[in-house]
Amino acid sequence: MNIKRNYFSRFGTFAITIFVAVSLGCSGQQMGSGNGTTSSSGTIKIAGTGSTFVKPIMDKWGSEYGKINPNIQIDYSGTGSGAGIKGIQNRTVDFGGSDAAMTDDEMKQTTGGEIVHLPVVLGAVVLTYNLPDVKEPLKLTPELISDIYLGKIRKWNDPKLKAENANLNLPDTDITPVFRADGSGTSDIITDYLSKTVPEWKEKVGRTKNPQLPQGIGIGAKGNEGVMGQVKNTPNTIGYVELAFAKANNLPAAQIKNKAGNFVTADSSTVSKAAAAFTDKMADDLRFEITNADGPEAYPISGTVFMLVYKDQQDAVKGKALVDFLWWAINDGEKFVVDLHYAPLPDTLVQKVDAKILSITSGGKPLRQ
Amino acid sequence: MAQSSTLGDKVYRTILFAAATSILLIVAAVFYMMVQSSMPTLQRFGIGFLWASEWNPSQELFGALPFIYGTVVSSILALLIAVPISLGIAVFLVEQAPKKIAKPIAFMIELLAAIPSVVYGLWGIFVLAPFIREYLGPVLQDNLGFLPIFQGRLTGIGMLTGGIILAIMITPIVTAVVRDVLEAVPNTQREAALALGATKWETTMIVLGNAASGIAGAVVLGLGRAVGETMAVTMVIGNSPQISASLFEPAYTIASVLAANFADATDELYLSALIEMALVLFLVTVVINGLAKLLIMSVAGRANASKHT
Amino acid sequence: MAEAATVHSKRRIINLVMTSLTAVCAVFATSVLLIIIGFIAYQGISSLSWEFLTDTPKPVGEGGGIGNAIVGSAMMTLLAAAIGLPVGIAAGVYLAEFGKNWYGNTIRFIADTLIGVPSIIIGIFIYTVVVMPMGRQSGLAGGLALAIIMIPIVARTTEEMINLVPNSMREGALALGAPQWRVSWNIVLPAATSGIATGAMLAIARITGETAPLLFTALNSRFYNFFYDQPMSSLTVQIYNFATGPFEVEHAMAWAATLLLVGFILVINIAVRYLTRKKY
């Protein structure tokens with residue numbers, strides 16, 4: 001046996017011993033830490049998953065809230081609204097995020113009883129595109145969006161597109177639409193809007209979190225980030241994302257023709273105007289949508305992000321922390337909203353959401369008075 | 001003394017037996033879980049699930065064909081690229097290169113297999129996709145554009161990009177197996193051919209011919225790797241369930257639809273359809289790996305076959 | 001005669017062309033490796049900083065790092081090794097010492113099958129049997145998924161390494177009256193340690209690079225997490241999220257995280273090769 005090999009065998013044994021010892025040590029420590037909601041340092045971890053539409057503001061809120069309450073960790077991962085709904089149904093997370101309200105069917109398939117919908121912020125779904133030579137914003141009607149995503153308009157210089165955009169120098173290139181491959185609330189918002197405005201869309205695709213387009217239309221991507229990444233990387237693409245993603249990447253957002261017949265730019269105020277048109281008509285369980293709103297300045301593809309929370313929380317400590325965070329986000333966290341190009345909830349809605357938060361209990365006892 | 005030693009033997013053997021059996025139990029559990037979870041679609045659609053081409057979860061239309069098509073075509077594409085190159089490398093390493101050069105080159109090619117899938121995906125998005133969009137794609141379209149497979153939009157994201165990434169990923173595996181297979185061919189064959197006046201290449205052809213079934217095994221093994229590859233493919237293939245003649249168009253594979261939709265499939269039938277596809281993928285990889293093992297064993301013997309599967 | 005000469009030269013030309021082509025293949029494949037590694041190094045090095053290595057993710061544009069992902073990857077790899085190495089090695093010893101029968105052949109085939117099963121399926125399995133009952137995605141679930149991937153790999157390399165131990169060592173000890181388990185444990189295993197350790201290190205390198213089995217099991221986290229019962233970040237899932245997103249700062253972070261990950265994996269591979277070079 002030569003020296004090298006001898007050295008190596010000792011090294012190997014040593015490495016394995018260390019691995020095993022350290023790992024067992026860690027798992028032992030974990031077992032000792034009780035139910036895991038609080039660690040030895042008193043940190044409370046709240047796990048959430050879902051909507052990528054809301055990810056930028058959730059990250060901001062989590063980070064700002066952590067500065068005020070260093071022992072509370074709001075751990076939100078963007079996996080798509082569909083995954084947020086599944087996460088809360090299966091109770092693998094403490095709260096779900098979705099920009100589509102749960103359907104009645106989905107509400108029935110829960111493992112922890114009644115789910116409360118808490119709207120936290122409003123936002124715009126924009127059509128963003130990668131046409132480096134087009135400087136002025138593109139103008140789109142619902143019919144044009146539908147035609148592009150159904151493959152009836154396949155070139156950027158299609159006469160139908162040119163008719164609304166005579167001022168633009170649209171190139172003679174193929175359009176590549178980008179859509180969501182995962183179950184998405186953002187898809188739900190835009191398909192809801194197109195179903196309300198374009199009969200052909202309603203018939204062929206309809207309102208859904210999983211839209212299926214005709215063959216050979218485009219590229220599927222995961223999450224708002226994925227769609228935005230694909231549009232950013234690939235010339236001649238068009239995709240639908242939350243406004244914050246387009247703004248943060250310096251990519252344009254098309255102006256959309258609203259119900260009143262005006263082309264409207266998406267921003268906080270036009271989204272607020274869309275919500276204002278609906279405040280009187282909101283259902284008591286707050287499951288509502290604000291697409292295709294009335295009003296001359298309302299942005300028509302606006303949406304709401306809901307936090308999905310069980311009405312009766314299993315764990316009082318975690319439940320309390322969650323409820324306090326949501327309260328803070330809606331009442332104090334609104335100041336970060338406009339900077340990230342979302343829109344705050346209308347005051348009347350904030351009151352309704354506050355009332356919902358107060359109704360959340362643990363073991364029958366309200367978590368916040 | 002004698003008694004305690006038999007007891008020791010029994011305990012030792014039982015522990016080892018339990019460990020070995022755990023592998024069996026894991027595979028059985030995985031298989032059982034998949035069969036059970038895919039019952040709803042198995043009962044509702046039967047075998048027709050495999051060649052139904054409509055995929056629309058919101059309307060409860062579940063056809064696996066676009067995903068099977070994408071998986072098969074991207075894997076075949078990968079083989080078409082990787083197999084000739086792997087054969088070339090293996091022949092170079094075994095038949096031609098002096099040991100001093102062969103060793104480091106062989107090692108570097110093995111390192112390609114050590115690079116994680118997600119890293120190939122990252123590289124694919126930022127290096128390979130733009131390269132195909134700006135250079136390779138236009139060249140192919142200008143010269144071979146009359147072929148349907150090279151028509152259509154050039155986005156850099158699609159079947160071809162997925163196939164090329166897969167080819168890079170399976171090249172080291174195919175190369176390694178072919179190398180072992182060639183090394184197992186007795187030297188007397190080479191000497192005989194050379195003595196009869198054959199050139200080095202002609203000798204190589206004879207060796208390759210005699211190792212044919214082992215090489216086939218290497219190819220099948222490469223296929224097994226390609227069909228199950230997930231992350232790198234999902235990052236560049238475009239995730240669109242369609243059957244398109246063009247290699248530039250987006251496609252979808254079974255593994256990538258699992259990655260994209262398993263986390264949000266709430267509906268029972270939807271989840272079941274996804275898991276049934278996982279079951280298909282599982283069975284296919286089992287068959288492929290078994291076949292590869294048999295083929296390689298027939299040439300290189302037991303030891304080598306076990307080394308690679 | 002002249003015809004024979006042309007045939008001869010034709011054969012020589014074919015010989016020359018084909019043998020050079022094989023060399024081209026080898027050069028091509030090695031350059032692909034160098035291009036990939038070169039690109040990773042070039043892109044990654046500029047974003048490496050102390051903050052990047054130790055900080056947690058922050059909202060886009062506010063900096064942040066992958067410290068928690070490094071810890072998460074390390075912890076899940078350790079857990080996988082703590083389970084996968086003992087079980088895998090024991091299974092390998094069984095196959096080598098007692099597995100020359102139908103049962104051994106079955107296990108061998110099943111183990112090879114498990115090695116070939118796409119890792120995303122292992123992730124789905126663990127989601128069903130661990131995450132759902134536990135009610136939470138966790139480092140534990142992620143580590144278990146990685147352990148399942150590791151066990152058959154370690155088992156097969158261990159078996160192979162034990163088979164290399166000369167039978168004379170075994171026979172000598174048995175002849176002296178030592179019980180079989182003592183021979184196996186005190187003589188055969190130590191003789192195969194370096195080989196088994198090699199296999200173990202390579203298996204660890206392999207699972208550190210896994211992404212698909214972690215997507216549904218460990219999920220991700222924005223915080224440092226030292227407990228196995230919470231969602232856990234990992235380098236590979238972070239790279240995936242950074243790479244598929246639109247933000248240039250995150251692309252830079254993806255390259256830097258990749259540099260770290262690939263660096264770790266290559267160092268293990270090269271170290272193993274260097275330490276065992278005498279044997280090959």
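Trainee: Which residue stands opposite F306(A) in strand 11 of chain A?

Mentor: S98(A) does. Keep in mind that this is a predicted model: local features need pLDDT of at least 70, side-chain atom pairs count only at pLDDT 80 or more, and totals for chains, interfaces and linings use all residues. Residues are numbered from 1 along each chain as its sequence is written, while chains are lettered from A and ligands numbered from 1 in the order in which they are written.

Trainee: How do I read the sheet, and in what order do the eight strands come?

Mentor: Start with the terms: strands (E, at least two residues) and helices (H or I, at least four) are DSSP runs numbered from the N terminus, and two strands pair if DSSP finds at least two bridges between them. In chain A the eight strands form an open sheet with mixed pairing, in the order 2-1-3-11-4-8-6-7. Strand 2 (72-78) and strand 7 (219-221) of chain A are the edges; each has a single partner strand, so one side of each lacks a neighbour in the sheet. From one strand to the next, the twist averages 25 degrees. Strand 3 (residues 95-98) and strand 11 (residues 302-310) of chain A run antiparallel, joined by three bridges.

Trainee: Which strands does helix 3 of chain A touch?

Mentor: Helix 3 (residues 81-89) packs on the sheet against strand 1 (44-50), strand 3, strand 4 (115-129) and strand 11 of chain A. Contact here requires C-beta atoms, placed from the backbone, within 7 Å. Helix 11 (residues 268-276) of chain A also packs on the sheet, touching strand 4 and strand 11, with its direction at about 130 degrees to that of strand 4.

Trainee: At what angle do helix 4 and helix 6 of chain B cross?

Mentor: As a general idea, two packed helices are described by the angle between their axes and the distance between the axes. Axes are lines fitted to C-alpha atoms, for helices over the stretch in contact, and angles run from 0 to 180 degrees between N-to-C directions. In chain B, the axes of helix 4 (residues 99-114) and helix 6 (residues 159-184) come within 8 Å and cross at roughly 130 degrees. That makes helix 4 of chain B oblique to helix 6 of chain B; under 35 degrees counts as roughly parallel, over 145 as roughly antiparallel, 65 to 115 as roughly perpendicular, and the rest as oblique. Residues meeting there include I109(B) and L112(B) from helix 4, and I168(B) and P172(B) from helix 6 of chain B.

Trainee: How many residues of that contact of helix 4 with helix 6 of chain B are nonpolar, polar and charged?

Mentor: Seven are nonpolar, two polar and one charged. Ala, Val, Leu, Ile, Met, Phe, Trp, Tyr, Cys and Pro count as nonpolar, Asp, Glu, Lys and Arg as charged, and the others, Gly among them, as polar.

Trainee: How many residues does the contact take from chain C and from chain B?

Mentor: Chain C supplies 71 residues and chain B 67 residues. Helix 1 (residues 2-45) of chain C gives the most to the chain C side, with 18 residues. That side of chain C divides into 49 nonpolar, 16 polar and six charged residues.

Trainee: Into which domains is chain C divided?

Mentor: The bounds come from an automatic or database domain assignment. Domain 1 of chain C is 2-45 and domain 2 is 51-279. Their C-alpha centres lie 36 Å apart, and the contact takes five residues from domain 1 and five residues from domain 2 of chain C.

Notes
Contact = placed C-beta atoms within 7 Å.
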